[in-house]
Amino acid sequence: MKTSEQDSIGGANMARRSFLRYAGLGVASAGLLATAACHKDHKVVIGGGIDIGAKGDLAILNYAYALEQLEAAFYIQVVASPYAGMTSDEKALFTSIRDHEVVHREFFKKALGGNAIPALTVDFSTIDFTKKAAVLGAAKAFEDTGVKAYDGAGYLIQDAGYLTIAGKIVSVEARHAALISNMLVAGSFAADDQVDSNGLNKSATIAEVLPIANTYLKTKVSASNYSYVA
Amino acid sequence: MNLFNIVEELEKIDPELNDRLNPRRAAIKNITSFGSKVALAAVPFALGTMLKKAYGAEASTSVVDVLNYALTLEYLESSFYNQGAASAGLIPASASAYINTVKDDENQHVAFLKTAITASGGTPVASPKFDFTAGGGTGNGPFKGLFSNYSLFLKVALAFEDTGVRAYKGQAPNLLGNKDILTAALSIHAVEARHASAIRQLLGVSPWITSTATVGNDTGVPQVNGNYAGEETIVQGGVDLTTLPSATGSTTSVAVATAAFDEPLSKDQVLALLVGTFIYS
């Protein structure tokens with residue numbers, strides 16, 4: 001699903017413009033992170049791809065922003081084109097999740113201001129949105145991956161305020177994940193595939209998460225300073 | 001569990017264990033590398049050892065305090081579910097798998113934290129006494145009868161789960177940059193949120209906390225308003241979420257803004273909510 005938020009950045013001219021803009025040269029940001037905008041090594045646009053940039057909070061927040069863009073786009077499409085037999089209860093739940101993911105996306109966009117990576121173009125061609133099982137399966141993958149990503153990247157955040165905000169979001173993602181799991185298999189909200197024998201949710205590194213995310217993205221996201229290049 | 005055996009087993013699999021645990025940076029880098037090979041039961045121990053190595057002869061008081069605080073909350077939850085699961089006729093068959101999953105996780109969290117605290121050179125606190133009626137030891141509090149009234153049991157469970165999520169979140173900044181401990185804390189925290197979501201589904205309320213502009217508590221149980229105080233927050237990092245565009249309009253509703261973010265509680269807030277009512281000695 002393509003919206004005005006998700007316009008492609010493809011094309012050399014556009015890429016050039018995006019580079020200038022998102023490298024912090026073009027736009028003076030009133031966002032939260034404006035004071036960090038002097039770092040010019042963030043979010044380099046190469047071809048159709050994006051790098052979350054140098055190590056540090058800006059990169060981690062952009063990583064979260066990328067994942068939230070993906071989730072928001074997915075649920076926008078789920079609600080816009082319901083699978084066959086979607087009940088009104090199910091639609092209401094998907095609509096709530098969509099709205100949460102959109103707020104997460106918009107929050108990161110606003111907070112990052114001129115330091116934000118561009119809007120990403122998604123590719124959901126592998127998901128059959130007409131089939132309940134396919135939608136729930138993809139939703140489970142998105143939510144579980146999101147929880148693992150936040151848990152795995154939390155320690156990389158250096159600012160206590162940002163860490164708290166990440167914590168505020170990850171528990172909501174876990175609430176989503178538990179709901180989606182239960183919709184697939186009743187009672188699987190904390191099953192072995194996501195929770196280990198110590199009762200800990202599994203976590204994943206940036207290098208593990210981005211390849212999964214990139215399978216649903218036309219704009220490939222890299223994290224060259226965290227050992228992953230798409 | 002015999003900790004010395006675990007060390008031997010670890011050294012068989014990883015002869016460089018001692019090198020990896022020291023210096024600190026190498027240990028931090030490698031702590032996850034033996035997770036897949038070694039029994040997962042060794043993780044809390046490894047965590048404790050890591051702390052001890054990283055902080056000197058024994059883990060700093062503040063880190064042990066954080067772990068013991070978490071342990072106290074896990075004692076509360078595990079004791080609650082153990083008692084609920086043991087109450088004949090309380091849990092309907094359709095929900096027993098749900099409750100047992102939560103119960104097992106909470107018992108694992110207790111074991112995990114005790115092991116990690118001990119391994120770090122600290123001493124796990126003993127389990128306090130609980131009165132789940134919230135009666136401060138009288139057994140006659142507002143939730144009297146919760147172990148024979150399923151709906152009431154779920155409502156108290158929900159208050160504990162949502163409070164647990166908030167409590168872990170509140171401690172995150174104390175663990176800034178500590179890969180192993182912070183990741184473990186975030187991971188337990190995510191599981192608590194999964195529990196909260198599941199209990200909410202059993203109870204028939206939304207899986208996330210949906211507040212109004214003035215009241216954070218959406219459980220319909222006014223006695224636990226304090227446990228939800230602050231959930232009605234709509235400003236995050238200086239951004240008023242209600243000014244952000246939604247999927248369908250130029251602004252975001254209070255319900256969505258509050259549900260999309262869970263709020264932390266400080267240690268003092270949590271203890272004030274629990275001690276004297278649920279925890280009485």
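Analyst: The answers below set values against definitions. This is a predicted model, so local features need pLDDT of at least 70 and side-chain atom pairs count only at pLDDT 80 or more, while totals for chains, interfaces and linings use all residues. Residues are numbered from 1 along each chain as its sequence is written, chains are lettered from A and ligands numbered from 1 in the order in which they are written, and side-chain values use heavy atoms, with hydrogens and water left out.

User: Why is A:Q194 called buried?

Analyst: Its relative accessibility is 6%. Buried means under 20% relative accessible area, exposed over 50%, partly exposed in between (1.4 Å probe, protein chains only). Therefore A:Q194 counts as buried at 6%.

User: Where does A:Q194 sit, and what does it touch?

Analyst: A:Q194 is in the loop between α5 (160–184) and α6 (206–214) of chain A. Helices (H or I, at least four residues) are DSSP runs, as are strands (E, at least two), numbered from the N terminus. Leaving out residues up to four places away in sequence, A:Q194 touches A:K140, A:D144, A:K148, A:L200, A:N201, A:K202 and B:R194. Contact means heavy atoms within 4.5 Å.

User: What makes the pair A:Q194 and A:D144 a polar contact?

Analyst: Their side chains are joined at 3.0 Å. The rule asks for a pair of N or O atoms within 3.5 Å; within protein, one must be able to donate a hydrogen and the other to accept it, and residues adjacent in sequence count only if both atoms are side-chain atoms. The pair A:Q194 and A:D144 therefore qualifies as a polar contact.

User: How do you know that B:R194 and A:D144 form a salt bridge?

Analyst: The closest N and O atoms of B:R194 and A:D144 are 3.0 Å apart. A salt bridge needs a side-chain nitrogen of Lys or Arg within 4 Å of a carboxyl oxygen of Asp or Glu. So B:R194 and A:D144 form one. Across the interface of chain A and chain B, the rule finds four salt bridges. It also finds 20 residue pairs in polar contact there, both at pLDDT 80 or more.

User: What area do chain A and chain B bury between them?

Analyst: About 4600 Å², 67% of it on carbon and sulfur atoms. Buried area is the accessible area (1.4 Å probe) that two parts lose on being put together, summed over both. In chain A, A:Y155, A:R175 and A:F189 lose the most area to chain B, together 18% of what that side buries. The contact takes 53 residues from chain A and 57 residues from chain B.
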